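Dear colleague,

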Amino acid sequence: MNPPFEPAANLCEFVPQTAEFPPELEAGRASRSDSLPVTLRRDDVASLVALLERVFDASFAVLDAEAGTCIRRPADLPDMDWDLFAAMARPMIGHRTPLLMVEEDPLCVLAVPMPGRSRSCVAAAPLLTRRTDLQDDWRAAARAAGCTAATLAEWAAARRPWEPEAALRVAQLVLEHDFQVRRLADAERETDELSFHLSSVYEEISLLHRLTQNLRLSKSDTELARSALDWLAEVIQAEGLGLLFLPVAGVAEEPGTVARTSPELLSVGRFPFSAEEVQRWSEKMRLADLGGPVVRNLSPEEAEASEYPTVRNWMGVAVTEGENVFGYFLAVNHARGQQFGTVQANMLHSVASILGIHSGNIELYRRQAELLAGVIRALSSAIDAKDPYTCGHSDRVARIAVRLAQDLGYSAEALTRVYLAGLLHDIGKIGVNDAILQKPGKLSEHEFDQIKTHPTTGFRILSGLRDLDDVTQVVRHHHESWDGRGYPDGLSGEGIPPIARIVAVADAYDAMASTRPYRNRMPLEKIEEILRHGAGKQWDPAVVDAFFHAKDDIVKITDSDEINSLSFSALALRK
């Protein structure tokens with residue numbers, strides 16, 4: 001009597017640790033099964049075959065039902081007509097239910113399809129249904145199997161009997177278990193992919209957030225780019241990152257200009273290219289025309305044969321805004337020896353886009369600043385042209401005021417406003433009669449009252465310009481006195497705008513140091529005496545102290561023939 005069937009308590013115990021065929025069975029494969037078809041996913045088939053062999057404690061052949069051939073037969077299986085069984089298995093293609101291809105007591109041949117792993121492969125194994133020592137019992141089974149009765153009897157000697165129905169049920173359970181294992185593996189893979197995607201998106205959002213937090217016109221494109229390179233190096237996993245900024249087109253090399261007049265390369269890590277190489281290579285790859293990132297992962301042979309053998313892979317993208325090309329962004333060699341993919345490429349492209357927009361805004365602002373500088377210079381020149389004796393006065397006052405403000409610790413941004421205020425402080429004199437401005441003798445009281453209207457006239461002229469509110473306050477109050485005896489509003493002490501106090505000293509010094517229609521230039525000693533005496537009365541003592549501290553530089557300004565030695569556009573762009 002057959003021993004009772006004892007199903008496995010947990011099929012998971014039979015799942016192999018590796019997808020490879022067991023070594024002892026690998027060695028026994030027939031010569032005709034040395035290689036599997038290209039279309040067969042060997043690891044997928046092997047893991048299911050290994051599970052069947054562990055559950056049934058028997059070796060399984062692998063049949064290609066579509067080709068009608070046996071592609072794997074372990075050495076301990078009897079020499080049956082396995083190609084015949086492969087042909088018999090053709091109806092099982094695409095099916096999910098095990099069946100018995102031969103059921104001739106005391107032998108059955110179990111066939112198990114492999115849904116989800118291979119469409120055409122079928123695992124097959126002969127199983128003993130009962131023990132017998134009679135050769136006559138094996139004759140019919142041998143005819144069905146295509147071998148001798150002696151072969152089957154010898155094989156059956158060491159086999160465990162299986163009830164055919166029990167074997168079918170267990171095979172179905174194995175398939176169901178395999179289906180659940182594959183579902184779990186797919187879910188874990190999808191979870192890992194989703195986790196990786198979310199992590200990449202989070203890193204990209206975090207990086208872009210940090211960049212946008214630093215999008216200020218006061219920050220140059222190179223300053224923002226340095227921050228971007230440092231942050232990007234943390235997440236993109238490249239050995240080297242480089243960003244080449246191109247010169248701004250149509251800008252002449254002038255002292256003091258902040259516009260880029262030559263290529264500038266910023267890099268972090270091991271970046272193997274010079275500025276010239278980056279530009280030549282990027283133009284050769286037509287990065288500016290492509291409108292998106294380019295990714296190249298080279299084989300060792302391709303890298304060895306290239307111009308730069310140390311570069312295994314790279315990504316590149318142009319830094320653009322509209323039709324303007326501001327530079328090129330490159331990343332070389334994955335830090336972990338892997339390949340660059342869409343995640344890193346998209347991140348590089350996003351950063352390049354932000355830098356392109358920022359560079360475009362800076363360039364637009366630079367042009368606007370140059371236009372504003374031209375308008376203001378035209379206005380100050382118009383003022384100075386009314387009186388040949390005051391030619392260059394506004395520019396000198398502006399530069400002297402900047403020097404005083406520097407000594408007082410003003411920031412670069414504030415120096416812009418100081419310079420503007422100095423240039424425009426006398427704009428109200430446009431409304432004063434030329435005869436009064438050029439009168440060689442002493443002014444009458446009525447004429448002096450006319451002169452005293454220029455601060456309020458200038459204030460009215462500029463009052464419509466909201467961005468110049470602080471400058472218009474200087475225009476209005478640069479003739480106020482520290483003791484409150486000035487005009488037009490009689491402000492005193494700290495009530496006078498700070499820049500107005502600076503411009504007041506600069507204006508007074510340049511007036512005294514210049515020849516006027518009614519007097520010659522004063523000696524420096526006389527000017528110093530007047531300033532010391534007026535400190536705390538007419539002028540802010542702190543500003544007068546700054547004058548004496550910076551006196552040598554200020555004297556050079558008034559003695560210099562170079563009216564425009566300080567570039568307004570350079571200062572304006574620091575705002």
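Where is Asp57 found? Asp57 lies in the loop between helix H2 (42-56) and strand S1 (61-64), where helices are DSSP runs of H or I with at least four residues and strands are DSSP runs of E with at least two, numbered from the N terminus. Please keep in mind that this is a predicted model, in which local features need pLDDT of at least 70 and side-chain atom pairs count only at pLDDT 80 or more, while totals for chains, interfaces and linings use all residues. Residues are numbered from 1 along each chain as its sequence is written, and side-chain values use heavy atoms, with hydrogens and water left out.

Although Asp57 is not a glycine, its phi is positive, at about 55 degrees. Asp57 is also exposed, with a relative accessible area of 60% (buried means under 20%, exposed over 50%, and partly exposed in between, with a 1.4 Å probe and protein chains only).

Arg286, which is not a glycine either, has a positive phi of about 60 degrees, and this residue sits in the loop between helix H8 (275-284) and helix H9 (287-290). Arg286 is partly exposed, its relative accessible area being 46%.

There are also cis peptide bonds to look at. One joins Asp105 and Pro106, with omega about 10 degrees, and Pro106 belongs to the loop between strand S3 (99-104) and strand S4 (107-113). Another runs from Tyr487 to Pro488, with omega near 10 degrees, and Pro488 is placed in the loop between helix H17 (469-477) and helix H18 (498-512).

With kind regards
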